[in-house]
Amino acid sequence: MKYLVPDYVYTTEGLQANRVVAVNDEGYIAAVVENTLTDEELQAPSAVRLPGKALLPGFVNVHSHVFQRNLRGHTHRPLSQQDTFWTWRRAMYEEAQHMTPEQLYELALRTYREMLANGYTSVGEFHYVHHQPDGTPYEQPNAMAEAVLRAGKEAGLRVVLLMTAYARGGFNQPVEEGQRRFCDRSVDAYLARVEALRSEGVLIGLAPHSVRAVPGNWFHEIARYCRTYQLPLHVHADEQVAEIEQCRLAHGCSPIELLERYGALFPLTTIVHATHANAREIELLALHGCTVCVCPTTEGDLGDGIAPYAELRAADIPLSIGSDSNTRLDPIEELRWAEYTARMRYQRRRVLVAGELEAPGPLLLDYGTRRGAVALKLATGSIAPDLLADFVVVDLEHPSLVGWTQQDFLDTLFFGSSSEAIVQTWVQGQKVYERR
């Protein structure tokens with residue numbers, strides 16, 4: 001047994017002083033109890049003393065495209081007369097063409113180490129660079145996926161592989177040259193690759209890329225597989241106005257309405273972005289118990305728009321966060337910009353709050369930890385018995401936190417600080433990062 005002894009622990013009851021977190025040999029939290037350890041016990045090797053520190057649950061990054069990290073800072077030069085998501089996408093396709101399994105491993109390793117350094121303890125890797133550039137499968141069909149998993153294991157980051165299905169270039173459109181390596185020849189071939197990984201015990205979810213890229217017959221099979229094995233289903237939807245217009249032209253409905261027709265909405269479904277979701281779509285998400293993953297730094301970088309935060313909150317739809325294109329890797333910044341952009345959209349403060357008289361900090365932490373864990377079907381996200389021992393250690397003496405109080409600690413962290421205040425990251429009871 002290992003005992004973590006910080007000054008404060010953030011539990012489901014809030015920020016608690018004088019607590020000890022006991023972690024068993026399997027990396028699960030055994031107990032969170034009042035600190036009654038003697039001086040002798042505190043000096044034992046099993047006691048990890050953390051004076052001047054607070055222990056928070058580790059952050060969960062629900063949506064990452066790790067290969068896009070190479071684009072950071074390189075897509076802001078003019079790509080066309082009027083740059084949009086769609087012109088950025090061409091640069092992304094070009095980047096994807098050059099990636100080999102070994103290059104993907106090296107990039108993922110660097111990126112995952114950076115995620116750990118900034119407080120993410122788990123990531124949902126929305127992985128869709130599958131095959132060789134011309135679409136021919138590698139001799140080992142899951143070579144690219146294995147590269148990602150190997151990088152996560154070496155870094156010490158928990159990776160949930162969200163295996164992406166891709167079948168066409170758009171509504172009733174053939175595959176473009178730059179999309180060939182994303183595509184499987186059939187839904188059966190895609191599911192065979194998924195099954196090979198699932199049967200090996202890989203943490204996995206299924207991710208039909210979007211209603212643009214995946215036809216209805218594929219969605220039905222993927223949703224059936226998810227229900228059979230109780231696996232998460234993640235899908236991009238309503239990120240772009242043009243996507244919605246194309247969907248209405250092709251099917252006479254919006255993307256989320258189409259997902260319902262396909263049987264793809266259920267409690268393990270996470271809609272990524274939902275930036276332009278309308279009232280009917282929000283009603284459907286609430287009805288089926290779905291989660292929404294917002295990615296504010298990427299949505300800002302690509303000019304997507306601002307999610308309908310107030311409407312999602314009013315419908316009690318749980319939110320989670322993702323770093324998406326990985327331009328920025330800071331969960332505190334991601335959560336801050338969720339609330340800040342909501343304030344700009346509605347021209348009022350305190351949008352993401354649990355109740356009228358509450359501050360945003362506790363709900364933002366919940367979105368960044370527990371809700372993300374639910375979206376990836378992980379037993380983590382809170383500091384409580386029987387959950388995985390995933391923690392971040394916050395330096396209470398960091399200059400950005402000067403003046404914090406027990407009442408407003410989380411608000412001081414989210415609105416006045418950054419991940420630089422995080423000095424250690426623990427995954428399943430093991431310290432995997434320490435700021436020097």
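The model is predicted.

The domain assignment divides the chain into two parts. Domain 1 is made of residues 1-56 and 381-432. Domain 2 covers residues 58-374. The C-alpha centres of domain 1 and domain 2 are 30 Å apart. Domain 1 brings 22 residues to the contact, and domain 2 brings 27 residues.

About 2000 Å² is buried between domain 1 and domain 2. Carbon and sulfur atoms account for 63% of this area. On the domain 1 side, F414, F415 and S419 stand out: together they supply 34% of the area that domain 1 buries against domain 2.

The rule finds 1 salt bridge across the interface. A salt bridge joins the side chains of D390 and R158, with an N to O distance of 2.6 Å.

Three elements each supply at least two residues of the side of domain 1 that touches domain 2: strand 14 (391-395), helix 15 (409-416) and strand 15 (422-427). Helix 15 gives the largest share, 5 residues. By residue class, this side of domain 1 holds 13 nonpolar, 7 polar and 2 charged residues.

R343 lies in helix 12, which spans residues 331-346. R343 counts as buried because its relative accessibility is 14%, under the 20% cut-off. Neighbours within four places in sequence aside, R343 is in contact with R348, R349, R350, V351, P360 and F415.

S199 sits in the loop between helix 5 (187-198) and strand 9 (204-208). S199 is exposed because its relative accessible area is 52%, over the 50% cut-off. A polar atom of the S199 side chain lies 3.1 Å from the backbone oxygen of A196. F182 is 17 residues from S199 along the chain, and the C-alpha atoms of the two residues are separated by 22 Å.

Note on methods
Residues are numbered from 1 along each chain as its sequence is written. This is a predicted model: local features need pLDDT of at least 70, side-chain atom pairs count only at pLDDT 80 or more; totals for chains, interfaces and linings use all residues. Side-chain values use heavy atoms; hydrogens and water are left out. Domain bounds come from an automatic or database domain assignment. Contact means heavy atoms within 4.5 Å. Buried area is the accessible area (1.4 Å probe) that two parts lose on being put together, summed over both. A salt bridge is a side-chain nitrogen of Lys or Arg within 4 Å of a carboxyl oxygen of Asp or Glu. Helices (H or I, at least four residues) and strands (E, at least two) are DSSP runs, numbered from the N terminus. Ala, Val, Leu, Ile, Met, Phe, Trp, Tyr, Cys and Pro count as nonpolar, Asp, Glu, Lys and Arg as charged, and the others, Gly among them, as polar. Buried means under 20% relative accessible area, exposed over 50%, partly exposed in between (1.4 Å probe, protein chains only). A polar contact is a pair of N or O atoms within 3.5 Å; within protein, one must be able to donate a hydrogen and the other to accept it, and residues adjacent in sequence count only if both atoms are side-chain atoms.
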